[in-house]
Amino acid sequence: MNQKFGIGCVTENESRFFVEVGKHNLQSVVDLVLQKPPTSINKLVKFNQDDTIDEICLIILDLCKWFNVKNNISEEQIYGIAEMVISEYKFLTLLDLGLCFKFAKLGKYGKVYDRIDGGLVLYWLKMYEEERTETIVNKRLRQNDAHKGDNSTRSSETTLKKALKKWDN
């Protein structure tokens, strides 16, 4: 599974992964997901669960290193969070995780007050997932509206008109 955001994208070159994440915003990720989606966590797990857990753990570890807090996450908690991500957010991608945690680092989901724990990380993922879903739905609605605007007549009406013209001739 040699894909840009597949297994190995973090472990093989962690800094490159985070540079790639830094190039994206929510809209660019949604565009990517709707056009040619990166492999979901669910598919990565089916391919190789241990490697997927390692990838997720490295992304979480990078997040923890970013914040200078007294009460940081233990290694055991990191694995626990990775397992919960796999069970609750398996439709997301590693790029989604990186972008979510980029937003957390930027303070988009609020300030971090002297602690990072599983509940906080999962809250950030919930906030990201809700925003991502809303962005996807809005984009699909705009696409649908644009499609309706381009086709003022229904295809069945057009087909019927063509058939009647042929019959009249």
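Axes of helices are lines fitted to C-alpha atoms over the stretch in contact, and the angles between them run from 0 to 180 degrees between N-to-C directions. Two packed helices are described by the angle between their axes and the distance between the axes. The structure examined here in these terms is a predicted model.

**Overall architecture**

The secondary structure of the protein consists of eight helices and zero strands, and the order of elements from the N terminus is α-α-α-α-α-α-α-α. The protein has 169 residues, of which 38% count as buried. Among contacts with a separation of 6 or more, 81% are accounted for by residues 24 or more positions apart.

Helix α1 spans residues 14–22, and its buried residues are F17, F18, E20 and V21. These four residues lie on the same side of α1, because the arc they cover around the axis is only 155°. The exposed residues S15, R16 and V19 are carried by the face of α1 turned away from the buried side. The cover over the buried residues of α1 includes α4 and α6.

| Helix pair | Angle between axes | Distance between axes |
|---|---|---|
| α4 and α6 | roughly 10° | within 10 Å |
| α1 and α6 | about 70° | 9 Å |

Angles under 35 degrees count as roughly parallel, whereas those from 65 to 115 count as roughly perpendicular. Helices α4 and α6 are therefore roughly parallel to each other. On the side of α4 (residues 49–66), the contact is made by E55, I56, I59, I60, D62, L63 and W66. Helix α6 (residues 94–105) contributes L94, L97, G98, F101, A104 and K105 to the contact with α4. By class, the contact of α4 with α6 comprises nine nonpolar, one polar and three charged residues.

Helices α1 and α6, by contrast, are roughly perpendicular to each other, which follows from their angle of about 70°. Here F17, V21 and G22 of α1 meet L94, L95, G98, L99 and K102 of α6. The contact of α1 with α6 is made up of five nonpolar, two polar and one charged residue.

Read together, the lists link these contacts to the buried side of α1: F17 and V21 are among the buried residues of α1, and F17 and V21 also take part in the contact with α6. On α6, L94 and G98 belong to the contact with α4 and also to the contact with α1.

Key
Residues numbered from 1 in each chain as written. Predicted model: local features only at pLDDT ≥ 70, side-chain atom pairs only at ≥ 80, totals over all residues. Heavy atoms only, no water. Helix = DSSP H or I, 4+ residues; strand = E, 2+ residues; numbered from the N terminus. Parallel < 35°, antiparallel > 145°, perpendicular 65-115°, else oblique. Contact = heavy atoms within 4.5 Å. Nonpolar A, V, L, I, M, F, W, Y, C, P; charged D, E, K, R; others polar. Buried < 20%, exposed > 50% of the residue type's maximum accessible area, 1.4 Å probe, protein only. Arc of directions from axis to C-beta.
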